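Please read the following explanation with the sequence and the model side by side.

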Amino acid sequence: MKISENWLREWANPELNTDQLVSQLTMAGLEVDSVESAAPEFTNVVVAEVVSCEQHPDADRLNLCQVNDGGDRSVQVICGASNVRAGLKIAFAQVGAELPGFTIKKARLRGVESFGMICSEKELELSDDSSGIMELPDDAPVGTSVADYLQLNDTLIEIDLTPNRGDCLSVAGVAREVFANNDINAAPVESIDVAPAIDDVFPVELQNKAACPRYIGRVIKGINVNAETPLWMKEKLRRCGLRSISPVVDVTNFVMMELGQPMHGFDLDKLNGGIRVRNATAGEKISLLDGSEVECRDDTLVIADHQVPVAIAGIMGGQDSSVDDNTQNIFLESAFFSPSLIAGKARNYGLHTDSSHRFERGVDAHLQMQAIQRASGLLLDIVGGQPGPVIEQTSAENLPVNPEILLRHKRIERLLGITVSVQQVESILIKLEMAVTTTEDGWLVTAPSYRFDINIEADLIEEIGRIIGYNNIAGTKESAHVSMASFSEKEIPENQLRDALVSHGYYEAITYSFVSPELQAILHPEQATLSLANPISSDMSEMRTRLLPGLIQAVQHNLNRQQPRIRLFETGLCFIPQGDELIQRSHIAAVITGLSETESWVGSKQSVDFYDIKGHLQNLMKLANEQSFEFKKSSNTILHPGQSADVYFKGELIGFVGALHPAVLKSLDIDQSLFVFEVETEGLTQSALAEFTELSKFPSIRRDLALIVDEDIPVQQLINSVNEIKSEIIQDVFVFDVYTGKEVIINRKSIALGLILQGFSRTLTDKDVDKAVSHVLQILEKEHNAVLR
């Protein structure tokens with residue numbers, strides 16, 4: 001938020017220079033992002049009056065003007081602006097004036113001399129408006145410096161507020177902080193109640209009282225359509241980053257910046273029947289002030305008349321009911337909308353407005369009456385008219401109520417680490433406009449209605465620390481009690497898993513925990529998700545249930561920048577709703593694509609495949625207890641059916657590995673194969689305790705078996721059957737060949753297994769080996785219908 005220092009000092013003017021004031025605001029938690037001058041430096045630019053204006057004798061689009069700049073005689077100036085005219089007060093740059101980027105010199109245009117320049121706002125860098133010269137009020141004193149007249153010796157302070165400090169999104173809010181940090185009295189701009197001059201009212205009905213517990217309106221009739229916003233108001237709005245639009249809009253914007261209450265003005269003659277604050281009907285459309293048309297959802301609060309929606313509540317007004325150059329009767333709106341029900345709605349429609357920014361963070365629920373009276377007074381001064389009585393609809397039971405909080409004196413000392421006297425605590429709380437009642441242990445404190453961020457004792461202690469000044473809290477040296485943390489040798493740290501993947505050429509990625517709903521649906525279909533109430537953007541509105549969406553976005557980003565060889569992994573939490581609970585599990589995921597080796601004149605041109613990614617995952621399993629893991633054929637719809645497997649740990653499914661399905665790749669707009677794995681981290685961090693195993697002194701013997709089995713039998717089942725045989729001499733079994741072809745019966749395949757046999761007490765004989773091999777064949781034939789080829 002950007003505010004004018006001069007405007008702030010109208011409310012609170014401590015004996016501090018600009019640098020001290022900025023430093024104080026930052027230390028109080030209102031971080032100042034930037035400080036800049038309200039206008040660039042220029043010299044010899046004065047208020048002047050156009051005495052006469054005639055057409056240039058040799059140019060149709062130029063005017064020959066005589067200008068009174070307060071000197072002894074008028075000055076001849078040539079001007080091409082369409083709005084120059086006799087009697088107009090102007091900003092006049094005299095010969096020798098230094099303007100931003102250039103110097104004014106005597107010139108000759110089409111044979112006629114010109115002694116100076118009539119300036120536009122853009123030439124003085126006061127705004128981007130170059131449509132005509134700058135027009136000053138009729139009472140502007142001729143000869144006065146424009147910088148002095150407009151009070152341009154001002155500083156613009158841009159404050160970066162945290163979301164909980166919505167109470168400071170106004171000059172009044174920042175001024176309250178200045179009051180609290182300095183021993184000065186408040187000097188707010190007076191707001192006088194405007195008495196009604198007519199009896200006209202416009203009925204208001206609250207149909208959703210929870211979302212809008214207070215709505216205040218007022219009819220003002222007979223405003224002057226030719227009135228203009230005064231220059232002082234235009235300047236204050238400009239310095240806050242708002243452009244002047246029309247008197248009604250400018251007044252509502254001014255009150256918002258001054259008090260923090262967003263307001264809206266409707267053209268009364270364009271409204272039908274009355275105001276209804278209700279939820280939209282799904283599919284209702286409304287044309288907004290920015291020219292866009294949106295289709296409302298049924299969870300969106302709208303301001304409607306008796307026929308159609310005329311505004312999206314707390315976000316933006318509608319074009320069809322807006323104030324224009326012909327408006328004579330207006331209806332002013334000043335309302336309170338519940339932050340929890342407004343939050344995120346603007347982003348759902350791709351909008352972000354000054355109004356939504358404030359309502360999402362919270363507006364004082366008791367500010368609406370003051371705001372509408374302040375706006376009424378300003379409008380009557382500027383555009384005239386006759387005000388009707390104030391119309392108020394309030395649902396008291398739905399208005400927020402700040403809790404009464406017990407603040408203990410001992411707790412203050414414990415959390416801040418310093419001694420704060422009772423008198424100092426009470427003084428600070430009173431400065432912060434809190435209601436304080438003394439108790440035996442401390443105080444019962446109720447925060448003012450605009451401090452909706454104070455709910456617990458720690459919040460109050462934080463406020464005390466802020467006002468004392470964190471830089472005034474002396475540091476202390478604490479005695480350290482060193483203790484060695486114990487750890488289990490059965491646990492493998494995640495860093496060891498990360499190091500293993502890095503050794504295979506992977507890079508670690510860190511992505512957001514919230515992802516696009518569309519990407520989530522592609523990569524984890526039919527899985528319920530947790531939607532954010534107030535997302536950063538619409539494409540980051542759901543909590544991830546897998547790590548893959550973030551990794552896939554990183555892959556897309558790299559592929560779009562001509563990086564075809566990618567190896568990325570990530571570890572992190574995934575969030576899975578189960579009923580009313582949210583299950584959080586730690587996952588590890590990886591993705592590879594491109595060549596298996598970095599391209600070089602001696603390197604392989606082979607692309608990565610399923611066995612590369614599976615091998616990397618198996619290396620992680622070897623760090624743990626590899627025997628506890630098992631691969632089974634996968635039916636995961638996002639994976640290629642012939643290049644995928646589910647991963648089991650001690651009989652429970654913990655993840656998957658494989659190639660992404662071609663249909664998934666097409667929907668992701670990726671035109672090369674992508675291999676992924678994602679498993680729960682818990683199983684990979686559980687290792688068996690190392691035990692000593694005696695090495696045999698006798699030679700080992702290998703026997704190879706070529707078996708014919710049904711095509712649908714996984715090789716792992718054969719290996720598991722052999723491993724389950726309780727034999728002292730069978731030390732290992734592995735597969736070294738798989739064959740399907742014309743020499744094998746249809747629906748059958750040939751599997752070649754290698755058996756390693758070794759004794760620990762003697763050298764094995766052929767009889768020992770044959771007996772063991774025969775037993776293996778019997779088991780495989782019985783359990784899997786396997787026969788020797």
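The paragraphs below lead through selected features of this structure.

The model is predicted, so that local features need pLDDT of at least 70 and side-chain atom pairs count only at pLDDT 80 or more, whereas totals for chains, interfaces and linings use all residues. Residues are numbered from 1 along each chain as its sequence is written, and side-chain values use heavy atoms, with hydrogens and water left out.

Helices (H or I, at least four residues) and strands (E, at least two) are DSSP runs, numbered from the N terminus. Trp-7 is buried, with a relative accessible area of 1%, and Phe-254 is buried with a relative accessible area of 1%, where buried means under 20% relative accessible area, exposed over 50%, and partly exposed in between (1.4 Å probe, protein chains only). Ring pairs also join Trp-232 to Trp-7 and Phe-254 in a cluster.

Another aromatic pair, Phe-337 with Phe-359, is edge-to-face, with 5.0 Å centre to centre and 70° between the planes. Because Phe-337 lies in the loop between strand S23 (329-336) and helix H7 (339-342), while Phe-359 lies in helix H9 (residues 354-361), the pair ties together parts that are 22 residues apart in sequence. Phe-337 is buried at a relative accessible area of 1%, and Phe-359 counts as buried at 2%.

Next comes an open sheet of 3 strands, which has the order S26-S28-S27 with antiparallel pairing; two strands pair if DSSP finds at least two bridges between them. Its edge strands, each of which pairs on one side only, are strand S26 (404-408) and strand S27 (435-438). S27 and strand S28 (residues 442-446) pair in the antiparallel sense over 4 bridges, and Ala-435 stands opposite Thr-446 in S28. Helix H12 (residues 422-431) lies across S26, S27 and S28 and runs at about 5° to S28, whereas helix H13 (residues 457-468) packs on the sheet by touching S26 and S28, its direction making about 60° with that of S26. Contact here means heavy atoms within 4.5 Å, and the axes are lines fitted to C-alpha atoms, for helices over the stretch in contact, with angles from 0 to 180 degrees between N-to-C directions.

Helix H4 (residues 171-181) is mostly covered, as 10 of its 11 residues are buried, including Arg-176, Glu-177 and Phe-179.

What remains is the backbone of two loop residues. Most residues other than glycine have a negative phi. Asn-44, in the loop between strand S2 (31-37) and strand S3 (45-55), has a positive phi near 60° and is partly exposed, with a relative accessible area of 39%. Gln-562, in the loop between helix H16 (548-559) and strand S32 (566-578), likewise has a positive phi near 60°, and Gln-562 is exposed, with a relative accessible area of 63%.

Conventions:
Rings of Phe, Tyr and Trp (its six-membered ring) pair if their centres lie within 6.5 Å; planes under 30 degrees apart count as stacked, over 60 as edge-to-face and the rest as tilted.
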